[in-house]
Amino acid sequence: MEEADIGLVGLGVMGENLALNIADNGYKVAVYNRTAEKVDAFLANAGDLKSNVMGSGELATFISMLKRPRSVIIMVKAGDPVDQVIAELKPLLSEGDVIIDAGNANYHDTVRRFSELDGTGIGFLGIGVSGGEEGARHGPSIMVGGSEAQWDNAEAVLTAISAKFNGEACCAYLGTGGAGHFVKTIHNGIEYADMQMIGEIYGIMRDGLAMSPAECAKVFEEWNKGPLDSYLIEITSHVLNAMDDESGKPLVEVILDAAGQKGTGRWSAIEALNLGVSATTIEGAVAARSISAMKDERVRGEEIYGAGAKGKATISLEALEKALLAGKIAAYAQGFAVMAKASEDNGWNLPLATIAKIWRAGCIIRSRFLDQIAQAFDSGGAANLLTQPAFIDMMKDSNGALRAVVATCAINELPSPCLSSALAYFDAYRQARGTTNLTQGQRDFFGAHGFKRSDKDGDFHHTWPSLIGQ
Ligand code: NAP
């Protein structure tokens, strides 16, 4: 009976496709799902892969199908369901077995789950899986966290099912504890920023330049042949080109402008704030989704303040392309800086070049750009991309366009929360003398917090005049 190489709990969109991917790669996979009918349906529809799949709607029977030491992937809704599944699995597993949470866990939950399983002999891995439904089926990017010894158990299967970039697997062990889920969280934060900046550029084309969806699609199609070449730019042209059968209009014109979010972007921003690292593009993107959801208030806002000038912008498409590249550099610089600081604080020793490499295929932010990031980190140097030679040249060439685009947005009353925060980050990052000398003076005035001086070492406090009674 014990013949499956690996088990998988949770036949949602991701779990079902991941199981088929495992079977497709020649491994035998056993599946279980809380709602047993999904197991029957999965087995019945396995087609050519029938000989590599098995399963049961009964958890103990499912476990009995696994080769020892047993590896069980959990791919259920993130949060409490993961804890419930672990609690059900625990009595059925034994020393040497490994539970692998492959959902979008908050990394703090992953850290807690490690400590809860500590001493049971049952191992745990927290892995980030990116690429959506298609990635799960044909090759996702896989970010692994946990103990390296336990990774040995599952390495062959997970490496085989991952995406490949020029033959290299987009799957890697990144560090202990919650490292894998942390990196996946930041991946999603960067994804939020990337998508929001593309949205802002589309907004300038649509509202500032009065371009039709088909005209915008052509531009994105063209840009996908240049430095912006990426999965997100590619799908943008497809989304803009799609027609709605019902209304006969471009589909994008009938899709409601209110974006959803499941939490990973927000977690990214929170982690950056907690670590004290500036990630304004990610924060801007999360805030943009929040304000997008306030549709009624925005409609009222437009009634009160007016819609702003439409079709009056004067900016070239070349400037838009360069601005998007500059914004993207700032967003990725921020995301990697957050990971570098988290690595330092948690003792993870995160391999930044490897992270860029495993994001080159399979995941949502895959792009030519990530290959350049991988090369930059491979050749050493600082963690912030803005000081890496290849990116210095790109940023010098493109930041003027970002400036022009942000100015165009301001003048034409077009919101650009992400692009403008990218520019503000860049300008602050390269300003040798900032303005917090004044902030420090204010803090010392009202709270005696003290300050450092630029001309000598030490801690200083000034005797400020009292304003009491004035
Ligand atoms: P989902 O809708 O998040 O979850 C569906 C699965 O969770 C079903 O198998 C469901 O079982 C199971 N489930 C829910 N509550 C449960 C409970 N209390 N006990 C046991 N099982 C429970 O599915 P998904 O979209 O495939 O996502 C799975 C995980 O992958 C999530 O963490 C998600 O964030 C992550 N992820 C998703 C994507 C994506 O593009 N969808 C991409 C990357 C990562 P029943 O059939 O019995 O309801």
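Cysteine 170 is found in the loop between strand E9 (168–169) and strand E10 (171–175). Helices (H or I, at least four residues) and strands (E, at least two) are DSSP runs, numbered from the N terminus. The structure is a predicted model, in which local features need pLDDT of at least 70, side-chain atom pairs count only at pLDDT 80 or more, and totals for chains, interfaces and linings use all residues. Residues are numbered from 1 along each chain as its sequence is written, and side-chain values use heavy atoms, with hydrogens and water left out.

With a relative accessibility of 1%, cysteine 170 counts as buried. Here buried means under 20% relative accessible area, exposed over 50%, and partly exposed in between (1.4 Å probe, protein chains only). Cysteine 170 and arginine 360 are 190 residues apart in sequence, yet their C-alpha atoms are 7.4 Å apart in space. Residues up to four places away in sequence not being counted, cysteine 170 touches Pro140, Ser141, Ile142, Ser162, Ala163, Lys164, Phe165, Lys357, Ile358 and Ala361. Contact means heavy atoms within 4.5 Å.

Alanine 333, in helix H15 (residues 317–346), is also part of a pairing between separate parts of the chain: its C-alpha atom and that of asparagine 384 are separated by 5.5 Å, although the two residues are 51 residues apart along the chain. Alanine 333 is buried because its relative accessible area is 0%. Apart from neighbours within four places in sequence, alanine 333 is in contact with Asn384, Leu385 and Leu386.

Aspartate 101 belongs to strand E5 (residues 98–101). Its relative accessible area is 0%, so aspartate 101 is buried. Among the residues touched by aspartate 101, when those up to four places away in sequence are not counted, are Ile74, Val82, Arg113, Phe124 and His181. A polar atom of the aspartate 101 side chain lies 3.1 Å from the backbone nitrogen of glycine 103.

The side chain of serine 247 makes a polar contact with the side chain of aspartate 244, at 2.6 Å. A polar contact is a pair of N or O atoms within 3.5 Å; within protein, one must be able to donate a hydrogen and the other to accept it, and residues adjacent in sequence count only if both atoms are side-chain atoms. Serine 247 is partly exposed, as its relative accessible area is 38%.

Two helix pairs were examined. Helix H8 (residues 179–208) and helix H10 (residues 231–241) pack at an angle of about 45°, and their axes are 11 Å apart. H8 is therefore oblique to H10. Axes are lines fitted to C-alpha atoms, for helices over the stretch in contact, and angles run from 0 to 180 degrees between N-to-C directions. Angles under 35 degrees count as roughly parallel, over 145 as roughly antiparallel, 65 to 115 as roughly perpendicular and the rest as oblique. At this packing, Asp194, Met195, Ile198 and Tyr202 in H8 meet Leu232, Ile233, Thr236 and Leu240 in H10.

In the second pair, the axes of helix H13 (residues 280–292) and H19 come within 8 Å and cross at roughly 160°. H13 and H19 are therefore roughly antiparallel to each other. Thr280, Thr281, Gly284, Ala285 and Ala288 of H13 make the contact with Pro417, Cys418, Ser421, Ala422 and Tyr425 of H19.

Some backbone angles were also noted. The peptide bond from arginine 68 to proline 69 is cis, with omega near -10°, and proline 69 lies in the loop between helix H3 (59–64) and strand E4 (71–74). Alanine 210, in the loop between H8 and helix H9 (213–223), has a positive phi near 55° although it is a residue other than glycine. At 53% relative accessibility, alanine 210 counts as exposed. Glutamate 413, which is not a glycine, has a positive phi of about 60°. Glutamate 413 lies in the loop between helix H18 (389–411) and helix H19 (417–429), and with 52% relative accessibility it counts as exposed.
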